[in-house]
Each structure stands twice: as C-alpha cells, then as structure tokens.
Amino acid sequence: MFRRILRSTIVLAAIIAAYEAYALFAVPCMEPSLAVREQRRVDLADLKDAPESVSKYQRLLANYFPPDHWSQLRPPKVIGPSDQWLIVVDDYTRHPAVEESDKTTLLDVNKLVMVIFPHPPHEGDIAPRDAIILDAPQGAHLLIDDFHPEMGRIGQIRRGTFPGAITIHSDMREPGPADDLLVQTSDLKMNTKLLYSDSEVKFQLGANLGRGRELEIRFLSDEHLQPRKGGLHFSGFDTLEIRRDVRMRMQIDTTSLLPDNGEKVPPSPSVQVSDAAKKVPATPKPPVDITCNGPFTFDFVRDVASVDRDVVVRQLNPNGPFDQ
C-alpha cells in the first residue's frame, strides 16, 4: 500500500515538473509574445493619410476648426445629429434631473461644440459655409428632455450653462470675409428661446467690430422653423443684441457723414497729365466710431443694424475736422 502511494506521488511530481518545463521553455518558443499597442492622438497627417479611420463628424469639423482643436485630436462623441443641428462632445456624464420631471436628463459635458445649420445641407455639401458654430472648450451643463441617444431620441434643451470662454462664429451667407460673424464672451446661458450672458462681449461682423456688455442672441421663432414632430430643433439666429456700454468701429461706404455740398475736390498737384490714363487706387473710406448706452441690435433676417440711447457717431476726416 505504501509503495503504491509512493509511486503515485513520484508520477504526479514528474508530471508537474514536465508541465512547468513546457510552460517555461517550450511555450515562449512556439507562441509569440503579445504586443501592446500604445495609444496616441490623431494628428493632421492621420486625417490626410487615413481618412477612413476618422469619423465623418471629425472631418466635418475640420472645415471649421484648426488641426490643434480638441475635436481634431481624437474622434469626438456625437449626440443625436439631424439636418438642422449637431452636438459634438469630448465626453459626458448623465444624471437624472428628478427636480424637473422623470423625462429630463442633466448632462455634464467636458467639452462641447454645437453646430447649427440655418439651411439643411445639400447633397454633397458636407460643410455648409453658413453653419453657426458655438465652441465651449470648458464644457456645459444641459437639461434635456427625453435624452435617449441610443434609441435616436433627443428632446429639446430646456436650459443650459456654458462656463468659461465661449466663441460663436460663422462664415454666414456671402463668400469671403465681408459678412463673417465672430462673437466672444463668457459664462453663457441658454433656454428654448435665446442665448444670453451678463459678461463682456466682443463681436465682429465683416470689417465691423465692437464690444459691450449683456449679450442676448434670440433663436428664430416658431413660424420660421420647419415643421417637426418634436425633438431638438434650431433654425438659426433671429437677432443679436448688446444691451449696454456699446463701442463700435464700422466701415461705411461713404467719405463723409454730412450731405455733399456740391464742391469739387481740387486736383492733386502731384498727379501729372500723363498719369490720367493710369488707374488711380480708390481712396479708403474713413471708419466710423459709434458709442451708445444701448442696446445695439443686429437683425439676421433683415440684415439691419440699429443703435439706441445717447448715440454718438464720429467719422475721422483726413482733410479736416471729423464729422459728428
């Protein structure tokens, strides 16, 4: 009996020793080791050389942002895109907003880009020039109805806050920079009807620029919207208003704010008769400085600007006193 147990123990020890020898010496020779692939960020070369590996939304945003923008460094997440809007985030955390209703969700977003298409893109037009882009690099807190992106359902944004610096820009309708829009502010808030901020705001529309405080941008009203069955919808901006402390410099196509008195401008003695056939460059129009206590309003639908309350308009005159 003892010999049988001893032989069994010796056999078991031999099997274990053979297995250990196989695992230590034979396996590494027959099976290659696993290679761990190091993660890296997407750079501009990746976008050019391997376009199939980059999401179509990242390629879309490449038309509106430089290569070092966060949306170009790695494929972003997209929340419920449609033909009127696109929300792109770096990452988000969702919480049930029990204080509102069972159907609302509170989203804490790390970084956010919102693209609004005033006109649905035509087939083949992957980057409409009139798209309005809101860039919130410090993220946002959004309260959204019926937030179920996995089921293709995104409700209306009831309200939102965008802490930190905010940039809104668009190439608008016309080719070239003549009507390009740029708005820079901070601590923006929104609801279903408007975007607003009490902070200082800087803006530029083409060659016209200015600054002030208390920004309000209204969305187009319901009669301008395409018929929809609910869900999140935008159809562009209606008006931009800066309510107080407005300072602007505008380019107006006139050399004087005063009516023409009929006097002819004397010829310059430096121009010779032989120069008459040469094309004389147009004299640049002097800029116009405008100040007012507000508000300054720009109507995107009618393409009309207006100022109100204690308005002072000055235009420098290189040949004499300025007009006021």
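## Starting at helix α1

Ile10 sits in helix α1, which spans residues 2-30; helices here are DSSP runs of H or I with at least four residues, strands are E runs with at least two, and the numbering goes from the N terminus. This is a predicted model, where local features need pLDDT of at least 70, side-chain atom pairs count only at pLDDT 80 or more, and totals for chains, interfaces and linings use all residues. Residues are numbered from 1 along each chain as its sequence is written, and side-chain values use heavy atoms, leaving out hydrogens and water.

## Rings and a charge

Let's turn to the aromatic rings. How many aromatic pairs does the count come to? There are 5 aromatic pairs, where rings of Phe, Tyr and Trp (its six-membered ring) pair if their centres lie within 6.5 Å, and planes under 30 degrees apart are stacked, over 60 edge-to-face and the rest tilted. Take Tyr92 and Phe147: their ring centres are 5.9 Å apart and their planes stand at 85°, so this pair is edge-to-face. Tyr92 belongs to strand β3 (residues 92-96) while Phe147 is in the loop between β7 (140-145) and β8 (157-170), so the pair ties together parts that are 55 residues apart in sequence.

Phe147 is buried at 1% relative accessibility, whereas Tyr92 is partly exposed at 24% (buried means under 20% relative accessible area, exposed over 50%, partly exposed in between, with a 1.4 Å probe and protein chains only). Tyr92 also has a charge over its ring: the charged end of Lys77 sits there, 5.9 Å from the ring centre (the rule asks for NZ of Lys or CZ of Arg within 6 Å of the centre and within 35 degrees of the ring normal). Elsewhere, ring pairs link Phe219, Phe237, Phe298 and Phe300 into a cluster.

Strand β13 (residues 288-292) has a covered face made of Val288, Ile290 and Cys292, and an uncovered one with Asp289 and Thr291. In a regular strand, side chains alternate between the two faces of the sheet.

Strand β12 (residues 237-250) pairs with β13 in the antiparallel sense over 5 bridges; pairing takes at least two DSSP bridges. Here Arg249 stands opposite Asp289. β13 also pairs with strand β16 (residues 312-315), again antiparallel, over 4 bridges, and Ile290 faces Val313 there.

## Two positive phi values

Most residues other than glycine have a negative phi. Asp187, in strand β9 (residues 181-191), has a positive phi of about 50° and is partly exposed at 39% relative accessibility. Asp303 has a phi near 60°; this residue is in the loop between β14 (296-299) and β15 (304-307) and counts as exposed at 53%.
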